[in-house]
Amino acid sequence: MGLRKGQRELVEQYRGGYCGIAAIPGGGKTHCLSLWAVEMISQGLHKPGKILIVTYMNSAVNNFKQRIASELQKRGIAANKDYFVSTIHGLCLQIIKEKPDLISADEEFEIIDDVNKVHILSSSIQEWKRANADRFKTFVDESQLSANSLAKAYEEWESKLSGVILGAIREFKARGIKPLEAMEKCRGLGGTSLLKIAADIYEIYDRKLKTGGYFDFDDMLYNAKRVLELDSSLLERYRKKFTFVCEDEAQDSNLIQSEILTMIANGNLLRVGDSNQAICGSFTSSDFTFFKNFCELPQTTVYSITQSSRNTKDIINLANYFVRYVRERHPVPECRESLLPQYIEPVGDDDERKNPVTPEYGIKAKVFKSWEEEAAAVVMQLMHLMKANQDKTIAVLVPAAWKIEYLVGLMEERGVPCEQLDNTSKERNRTVRRIGRIIDFFALPESGEKLAEMVNECFIPDNPEDAAGMKNLETIRSRKQHKQMLADYLKGISTENILYPLGGEIDLNKVPEELLETQVWKEFEQKLEVIKDILGFPGTVIEKLILYISEKLAFNREERAIAQKIASDVRYLMSQDPHWTLSKLAQELLSSKNMFNFFANVVWELKGYEPKPGIVTVCTYHKSKGLEWDVVFLTSLNYADFPVSLKDKFIGEYWFLKQEYRNPQAIIKSELQKLMGEDISNIDPVMASKLETISEKARLLYVGITRAKEYLFLSGFHSNQGKRNESLPSGYLLELMNYISAGNGQASGSNPGERKGCAV
Amino acid sequence: MYGLDEKAKKIVEMPNADRKIILKGPTGCGKSTLLLERYRFMVESLKIPSDRILILLLNRTQSLDWRKKTVLKSSGAVWRTSYYGFIQSEIRTYYPIVLENCSEIVNKQIKPTFLTFESAQFLVSKVIDKHRERRGLFAGVTSFTDRIAIDLTANLVKAATSDIPCHEIGERLYSALELKDETKRQVFRDADGILSAYRKKCLELGIFDFGMAVEVYNRYLFTDERYREHLFRRVQHVFADNIEECVPTEVDFIYSLLPNVKSCMLGYNFEGGYGEAFGGNHEYMKQKLINGCETIEMGKSYTCSSFMSEFSEMLFDSIENGKRGRVSEGANIEKTPPYELRSEMLEAAAERVCALISSNGYKPSDIAILSTHADPVSEYVIEKILQRQGIKLKNLSRKSRVVDNPFTQALITLAQLCHPDYGEHPNRDDVKALIRLLLKIDPVRSSLLAGEVCSRKPFAEFPDVEFPGLVERIGYHNVEKYEKIRDWIKLYKAQAVPLPINEFFQKVFLEILISKDVDVLDSDILQAKNLIDSARTFADVVSRFNMNASREFLAMVRRGIKSAESIFEIEERLGGDFVLLSTPVAYLASSLSNKVIILTSLSSRNWTPRSVKELSNAHVLTKTWEKGDIYTEEMEERNQKRYLALLTRALLKRCGEKLITFESNLSANGYENDGDLSEYFDSILT
């Protein structure tokens, strides 16, 4: 079975009780957990119930399912009912749906998507603000601002408040505090208590959710736990249903999740995680100490997986160096425990899967003069790489979503195929967008602009494959020009003259001759009938219109599923709010964050993400968790995103607020801790929050480094030197640059001198 | 019709004796046919006047079946009705007695009015809406107001048909809860408060919903000696079918008729009882009626093969009693492995239907597709695939909304344009659709005109179109047509007083929509007629509540109320060569059976709906429930299993040859399906 140290013990020895698997990155957690499940099922050791595996994302769910199913199939065992893989929210949904009446919910309750959640929260804030305009303003540092910038600051504050309150509500919910209870607890706090404000808004938000028949994701966890606590027979049923409970990525667990799984587990609980990869704490209520504490329980058997064949020895050395640096020399001593002394070991020579070897030293680092320069250099470098190594998978990691957009724009300009892992990426939203484009035009068919946009996005592909199936960059470029020409033409016309000319035929004299000769025009002419068919469809029943579009555009399996989902939801939406219009619907569909993201992603992830050579993956550091590529670019390693010292600039601090409120999230957290009588010693809350951020960002960088199998590029920038808004490269980048240039980390047996000047 | 055997013939041709008979048998044994034949014999051969025979039926589909089959040689009126229909007509006829006995009705000048379910829900939700936002009613309940209104009105019906006083509903439900807390107690108090206010107001005005009508009938009419004397004189014979699904007060009603009628014949399907969610109470019926009548057992089922009958019993046993029989999957039963997505599953089911017809020689009408969620989207997806092979599909479940029909939508849009004061302004999409329909012009030009209409301030209205550019784009001929409509609207708006909404629709219908310029299908005319009827009933009720009925009707229609249905439409769905799509419950309510039954979403949890809901519990609001008892989870589990067992057995008994099941791992919302039915199938299939 090819099992390594730690993996073997799990698969061969774990048969019950508490067990913790501490694994290093690339340790093959999914692999060995799947094998363990298969082994148990093969031997019937999971009876009388099933094995439950809870993991963090739908893609991981599918990954587990596929691995287990294929291994069972190999062994000739039909047992798809013997295991159940789910996200924690999927599991909670199941539990609540068993008895929604216990928590006074209608059985048709819906889980609110992020977009609607923000809408509801904003309107709750508005409602609160109407009665509390002065309290709202009191936090802004008016003395520092001109009248002009003051208005802007209020605006900014309102937009930031949404995130702050959301964090507070999450904290309340994580402690099981209901809105009225929260208000009661905060009664004694002063008018300028952020926590008190949060409690007020929590009450409004909760009321709005309830009358809308909604739960948010935090409610799901909280209510699932409540249902299990209230109903012992149900809990008993779940305990019987699942003989074993396994939690993947246990370092990102939170209190309620841990409690739910422990309750269900009935003693057989297997948790797999890596504390050094805990990167969700600052925006969820997760905390890796739950996993750590679990491993330290006397009754827990712990197996450690320390070997990995994912990365080259060079990269392993760099990762281990980084751990050591943080632990021994981090400039903020309080952050030295942020990474545990778990060092990655390369596999032995007898292992069937060996660590990759590169002909040259595969790590480079550089500081650029600006983000733009950095981005351009990264794209140049990866184009170069793709040409030289067509079989390599490549990823570029960035700290923020807007930078993804920027990079993708650059790559598209240069014809570099890329894909995003973001839920809201273009690729994943393609189906929703296309329907949106068509409905947008359908709502306003006299608009040449909308016709042009629709035709371009839905009817004329960017790069049709030529006879040989090869994409020729030159053809792509000229096609792009022709498409632009068509778009320019369509934007200026009265659409009825093209679609329904009074004489019956299009007056070709009015079409630019140049355009008439192109392939693009011919394709456009061919598609006119389809466009007219769609336009002619009665618009009164929108769900049918959507299904009709799906049919006319010959959607594939996944696209049809999405179209059907949109169609059902639209019917429901229209009955909830009769004032919905086609244009409004189109707007929703065209926005990258829309209410169909969740479902589109479920469908998308069924296919599973598999890095493909020739297509560059662009994603955030966070989204890269659990994945690996041959080549990885870690970009934007700057102070703002990877702070090292307490003096660094921190995200989450708002310059327009009075000094004492600059970090509202931290203040709320500490106010709540105080209120709950939790031990917070005497640490300044802002300081505590900074320490937490520094620690987590160190782990985030560690995750990034360990994604790379063969080549790793680290970069940042130093812009606006000497100015107030100067942006400095992160101290980590500088430290690692020193390390690389000193040649310390090169795997023994290779000669640095010989490796210089290689392809990288 | 099934040929009657000797035993059955004897029953049909009994001389006119004073016999009270229950025909007891399983699904498909020919009880209903026998009832019908006996009725025919009594009228035609025994010459019993048909207006002395009361026929009580379950629903409209049954009624239709009887209507078709009771074409009698004699010309007397056939007294065929549902329980609710009967009560309504009795209250209407004997209203003076009701008024005399019931002091709660204040307005005695007007005729009684009966609410449809939708109007009742509308009125209740109006009350809830007001209080929920302002007074924080139903705090802690995660549900929409409309949903709460549905639950509350349904509770009222269940209580009335089980003879439970309205003011006891909340207390009864609360005290049956296993887990009580103050929030929940308050929620039920809120519910009681809303209901009693609603009930009081309705009664004052002489308006009755189903529940109130039952209550008024039982308390103020049926207890009146004068009335009873009349009733017993009129009813000399009783026929009733599916007595196992009767609500308790109907059972009581039949029970009190028994000593007073000459004969009765009641159809009893002992395998039934899945209608508890709708208030039926099989247990109560058994207690009350079985001993008072002589029972004739009927044997074998004609609607399903012996194999299917055996399989259905085995499945029943497996679900209800945990017994494990084994049957091999084969020609009669096909369990298709799960698909990942629900959409895939629907498509595969449709493809399978095509193959059954093209390769296995089945006719479309041999096949029924049953889905717990037979929504318009599923319907469309399946329909499109069948269409490619020229096969038609009909959806038995009533799901279409008033606004789904372009023709009725046009009526509504015109109403909005003509009554800007009502505050329900049409949007551009609606105006565009209206213009397209009336002017018969292309979508682009319709949209251009709609833009002009909607850009008027403060309300949308048809302006003069005189800019040369625009006229040219629209075309002169089209502009002429446009002006006709514009003038019509102008003329209407010039009237001092607007017409009531139903009269307005009538006017538009006659003066505009059925003119030669507009394409009208027969089905459109029917829809328009339904709309006018609904508007009339609605206006009649709502105007008494000091609300502007016309405005409220327009608002309600936009919220997607379902369209009313005439008996013709139901009839159309029941006959013809098409594949049927239905929910299991709607299917069972019909008297249909099919050679092939396809069950979809087998692993969905919708097959076992929970009877305890946040505001209701069908088992507690019933006559057989002991006040003060606790409704435990074990009871719920047992009831769910029983329901599933009864439901699937009844369905399978309607399946003549072949059962095919489909399922998907993910639900329509993208979450894992984890219902039990699929596993029950697995446990007996090898």
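Predicted model: local features only at pLDDT ≥ 70, side-chain atom pairs only at ≥ 80, totals over all residues.

Guide: What follows starts at the place where the chains meet and then moves to parts within each chain.

Residues are numbered from 1 along each chain as its sequence is written, chains are lettered from A and ligands numbered from 1 in the order in which they are written, and side-chain values use heavy atoms, with hydrogens and water left out.

Now to the meeting of chains B and A. Chain B brings 66 residues to the contact and chain A brings 79, where contact means heavy atoms within 4.5 Å. Together the two chains bury about 6400 Å², with 52% of this on carbon and sulfur atoms; buried area is the accessible area (1.4 Å probe) that two parts lose on being put together, summed over both. On the chain B side, Thr142(B), Phe144(B) and Tyr671(B) provide 12% of the area buried against chain A, more than any other three residues.

By class, the chain B side that touches chain A has 19 nonpolar, 12 polar and 35 charged residues. In this sorting, Ala, Val, Leu, Ile, Met, Phe, Trp, Tyr, Cys and Pro count as nonpolar, Asp, Glu, Lys and Arg as charged, and the others, Gly among them, as polar.

There are also 24 residue pairs in polar contact across the interface, both residues at pLDDT 80 or more. A polar contact is a pair of N or O atoms within 3.5 Å; within protein, one must be able to donate a hydrogen and the other to accept it, and residues adjacent in sequence count only if both atoms are side-chain atoms.

Helices (H or I, at least four residues) and strands (E, at least two) are DSSP runs, numbered from the N terminus. Leaving aside neighbours within four places in sequence, Arg445(B) is in contact with residues of both chains, including Glu496(A), Tyr500(A) and Arg473(B). The side chain of Arg445(B) also reaches the backbone oxygen of Arg473(B), at 2.7 Å. With a relative accessible area of 2%, Arg445(B) is buried: buried means under 20% relative accessible area, exposed over 50%, and partly exposed in between (1.4 Å probe, protein chains only).

Glu271(B) is another buried residue of chain B, at 2% relative accessibility. Glu271(B) lies in the loop between β7 (263-269) and α13 (282-289), and a polar contact of 2.4 Å joins its side chain to that of Lys653(B).

Next comes strand β13 (residues 594-599) of chain B. Of the 6 residues in β13(B), 5 are buried, so the strand is largely enclosed by the rest of the structure. Strand β10 (residues 367-370) of chain B pairs with β13(B) in the parallel sense over 4 bridges; two strands pair if DSSP finds at least two bridges between them. Here Ala368(B) stands opposite Ile597(B). Strand β14 (residues 655-661) of chain B also runs parallel to β13(B), joined by 5 bridges, and Val596(B) stands opposite Lys658(B).

Finally, look at two salt bridges inside chain A. Arg207(A) and Glu203(A) meet at 3.6 Å, N to O; they are separated by about one helical turn because they sit 4 residues apart in helix α9 (residues 194-211). Arg207(A) is partly exposed at 24% relative accessibility, and Glu203(A) is partly exposed at 21%. Glu543(A) and Arg571(A) form a salt bridge at 2.4 Å, N to O. This pair links distant parts of the chain, with Glu543(A) in helix α23 (residues 542-552) and Arg571(A) in helix α24 (residues 557-576), 28 residues apart. Both Glu543(A) and Arg571(A) are buried.

Key
Salt bridge = Lys/Arg side-chain N within 4 Å of Asp/Glu carboxyl O.
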